[in-house]
Amino acid sequence: MSRTPDLIKLEPALPWLSEQGSTGFVQALGRDRLLLQPTPGSRDGAHLTSITVRLNEGPTFTLHGACTPTAAEWVFVIVDEDQPRLLDMIGQLRKDQHIEICRNKDVEASDRFTGFSRLNFIPEALPQMDEADLDLSREFLGRTFSAPLLITGMTGGISKGAEINRRLAQAAARMNIPMGVGSQRIALDNPEYAAIFKVKPQAPGLYLIGNIGMSQLTGADALDICRRAVDMIDADALAIHFNLVQELVQVEGDRRFSGLFHGLERICKHLHVPVIAKEVGCGMGPDTVRRLTDMGFSAIDIGGKGGTSWSHIEGLRSRSALSQELGHGFRDWGIPTAYSLAVVHQAFPRLPLIATGGIRDGMTVAKAVGLGARLVGIGLPLLRAALESEEAPMEVLETLRQGLKLTLMATGATRLDELSHRLVLGHPFEREFESIFRA
Ligand SMILES: Cc1cc2nc3c(=O)[nH]c(=O)nc-3n(C[C@H](O)[C@H](O)[C@H](O)COP(=O)(O)O)c2cc1C
């Protein structure tokens, strides 16, 4: 079987220009090569040794290599010394691609199954309170928020990142809920991008959670990286994201994690802010959580399956048949959010848990709280809202809050910690109903 090389497709293609005056578009790229489409009349690719590629509204990258012209495309293989620059370029591009894919495509688990649909509340038809009696407030890592909601960390890309983060930060500050930023990796590599993440000055009082991926923390400099990430944005806590399946499907993903354990322990011990361990859509089981809490993590985002699927997104980015196949095959991989949350909460009842992954309405927020979540994280709907308008993130959050309030009142609860007693598996009185008919 012939194997398509592992290449990321570029839609739209990026313009390039050679020293010799040839021009065209980069159609795809991989760890060591670019696929160039020459504009008609461009000189013979065999003479190409240096090209400059322009990123969308971003910087230019000059790369050296050797070119082999084929029928429709030229294959430009990068010289070894230029490979770090190519990987840097791919890293910058990847963020913008994620945003465009998340905006335009169906990127969630194909069955949307989070497990919450198996749970229902017992309604209370006889109200005994006023709406003003409701208390949605929530304490988390020493701060009290107005609702158990979190704007979960999402990279905004290079082109739109600053605007997306500003809109989300303003909504979070207005509502007094915490917000995470997406991976700060690009800004740690290129300080000029730090402005994308520095949202506190525009959102007074905001509780801000920094973000870095496990792949960046396998070396001896892991603690230093985390300190720089926190200091860069004056973060109140740091989330370390665990995205193993995404890395494994991603064409350019990391495959070496053996140094991780030691680094994580050091970070949890010495970092001056609380550290949160965060899955991004495959969920966590109690054994993993035990190892994380032994290391010293202060809180866990179980990041369950059912919402945004990163293996699927990476498959959509790829031109390689293998990555597409893996992305498709692992689209629904993981522990459904409700299951992960319930088993971890049962094993660690006092551990602050965040439930993220496919939570889309206020009633489901209430179910997650009933299952033991201190905070409920929302991703994709808020990203799309922030791309749409200044006001849309606030509207999404307000709808969630109203749905949560309604669920509280309709179950006769005034406080969040009363919700767990009203939650049942299946339909209310299903078991009693069955026993009547069995008797
Ligand atoms: C466009 C986009 C970018 C994301 N980038 C990051 C990231 O950089 N770091 C991270 O920890 N999680 C990232 N996430 C994952 C989210 O924080 C969240 O765990 C995931 O989207 C599941 O929640 P959802 O189903 O509500 O979207 C990203 C999500 C989206 C949609």
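Rings of Phe, Tyr and Trp (for Trp, its six-membered ring) are taken as an aromatic pair if their centres lie within 6.5 Å, and a pair counts as stacked if the planes are under 30 degrees apart, as edge-to-face if they are over 60 degrees apart, and as tilted for the rest. The structure is a predicted model, in which local features need pLDDT of at least 70 and side-chain atom pairs count only at pLDDT 80 or more, while totals for chains, interfaces and linings use all residues. Residues are numbered from 1 along each chain as its sequence is written, and side-chain values use heavy atoms, with hydrogens and water left out.

A search of the whole structure for such ring pairs finds 6. One of them is formed by Trp16 and Trp74, a tilted pair with 6.1 Å from centre to centre and 50° between the planes. Helices (H or I, at least four residues) and strands (E, at least two) are DSSP runs numbered from the N terminus; in these terms Trp16 belongs to strand E1 (residues 8–18) and Trp74 to strand E6 (residues 74–78), and the pair links distant parts of the chain, 58 residues apart. Both Trp16 and Trp74 are buried, where buried means under 20% relative accessible area, exposed means over 50%, and partly exposed lies in between (1.4 Å probe, protein chains only). Phe242 and Phe297 form an edge-to-face pair, because their ring centres are 6.3 Å apart and their planes stand at 70°. Since Phe242 lies in strand E13 (residues 237–242) and Phe297 in the loop between helix H7 (286–295) and strand E15 (299–301), this pair ties together parts that are 55 residues apart in sequence. Phe242 is buried, with a relative accessible area of 14%, and Phe297 also counts as buried, at 5%.

Helix H1 (residues 83–104) packs against helix H8 (residues 310–317) at an angle of about 110°, with the axes 10 Å apart. H1 is therefore roughly perpendicular to H8, given that angles under 35 degrees count as roughly parallel, over 145 as roughly antiparallel, 65 to 115 as roughly perpendicular and the rest as oblique. Contact (heavy atoms within 4.5 Å) is made by residues including Ile90, Arg94 and Cys102 of H1 and Trp310, Ile313 and Arg317 of H8. Helix H2 (residues 157–175) and helix H12 (residues 380–388) likewise pack at an angle of about 110°, with their axes 9 Å apart, so that H2 and H12 are roughly perpendicular to each other. The residues that make this contact are Lys160, Ile164, Arg167 and Leu168 of H2, together with Leu382, Leu383, Ala386, Leu387 and Glu388 of H12.

Arg166 also lies in helix H2 and, at 19% relative accessibility, counts as buried. Apart from its neighbours within four places in sequence, Arg166 is in contact with Val199, Gln202 and Glu390.

The structure holds 0 disulfides, a disulfide being a pair of cysteine sulfur atoms within 2.5 Å. Cys102 is in no disulfide, and the nearest cysteine sulfur, that of Cys282, is 14 Å away; Cys102 is buried, with a relative accessible area of 6%. The sulfur of Cys226 is 8.7 Å from the closest cysteine sulfur, in Cys268, which is too far for a bond, and Cys226 counts as buried at 0% relative accessibility.

Methods:
Axes are lines fitted to C-alpha atoms, for helices over the stretch in contact, and angles run from 0 to 180 degrees between N-to-C directions.
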